[in-house]
Amino acid sequence: AKYIYEPWKAPLAVLRDARCHLGTDYPKRIVDHATASKANIAAFKAALAAAKEAPTKNNPDDDDDNNNNNKTPAPSSSGKRKKKTKVQTTLDAALGGPPSSARAAKKGKTT
C-alpha cells in the first residue's frame, strides 16, 4: 500500500511480490511532475520577464506616437445611478433581489 499512488517508485522486489509489471498491469508514468514543474516555472518566469519588457498600449512613456490619446475619461460626478442592464435585473430576480446593502439603501437605512 506504500506505493499505491506512485508504483514507479516501488523497488523491483515489491513489484514482483505484487505481480505488477509497469507498462503491462499498470500504466507507465506519463509525466515526471518534478521535471514538468521546473520547466513550467521557468517558462512562466520567462513570460513574465517578456511581458515586463514589452511596451504597453496605455503607457505613454513606451510610445512617442501615443500622445496620451488612450486615457480613459473620468467618470461622471453627477451622482446619478446607472440604469440596470437586463442581465443585472435577471440576476437580481434569480438571486432574490439586490444585495442586502442595496435593499437597506432603498429603505433609507445605512449599514
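This note sets out numbered points on a predicted model of a protein.

1. Basis of the model. The structure is predicted, with local features requiring pLDDT of at least 70 and side-chain atom pairs counted only at pLDDT 80 or more, while totals for chains, interfaces and linings use all residues. Residues are numbered from 1 along each chain as its sequence is written, and side-chain values use heavy atoms, with hydrogens and water left out.

2. Overall fold. The protein has 4 helices and 0 strands, in the order α-α-α-α from the N terminus. Helices (H or I, at least four residues) and strands (E, at least two) are DSSP runs, numbered from the N terminus.

3. Burial and surface. Of the 111 residues, 7% are buried; buried means under 20% relative accessible area, exposed over 50%, and partly exposed in between (1.4 Å probe, protein chains only).

4. Contact range. Among contacts (heavy atoms within 4.5 Å) between residues at least 6 apart in sequence, 3% join residues at least 24 apart.

5. Lys-28. This residue sits in the loop between helix H1 (12–17) and helix H2 (33–53). Lys-28 counts as exposed because its relative accessibility is 60%. Beyond its neighbours within four places in sequence, Lys-28 contacts Leu-22 and Gly-23.

6. Salt bridges. The whole structure contains 2 salt bridges, each defined by a side-chain nitrogen of Lys or Arg within 4 Å of a carboxyl oxygen of Asp or Glu. Glu-6 pairs with Lys-9 at 3.3 Å, N to O, and Glu-6 is partly exposed at 35%. Arg-29 pairs with Asp-32 at 3.7 Å, N to O; Arg-29 is partly exposed at 37%, as is Asp-32 at 35%.

7. Largest pocket. Its volume is about 170 Å³, and its lining includes Ala-1, Tyr-3, Val-14, Cys-20 and Tyr-26. A pocket is an open set of points on a 1 Å grid over the protein atoms alone, where a 1.4 Å probe fits, with protein on both sides within 12 Å along at least five of seven lines; lining residues have an atom within 4 Å of a point. By class, the lining has 10 nonpolar, no polar and 1 charged residues.

Terms used
Grid points are joined across faces, edges and corners, and a volume is the space filled by probe spheres set on the points. Ala, Val, Leu, Ile, Met, Phe, Trp, Tyr, Cys and Pro count as nonpolar, Asp, Glu, Lys and Arg as charged, and the others, Gly among them, as polar.
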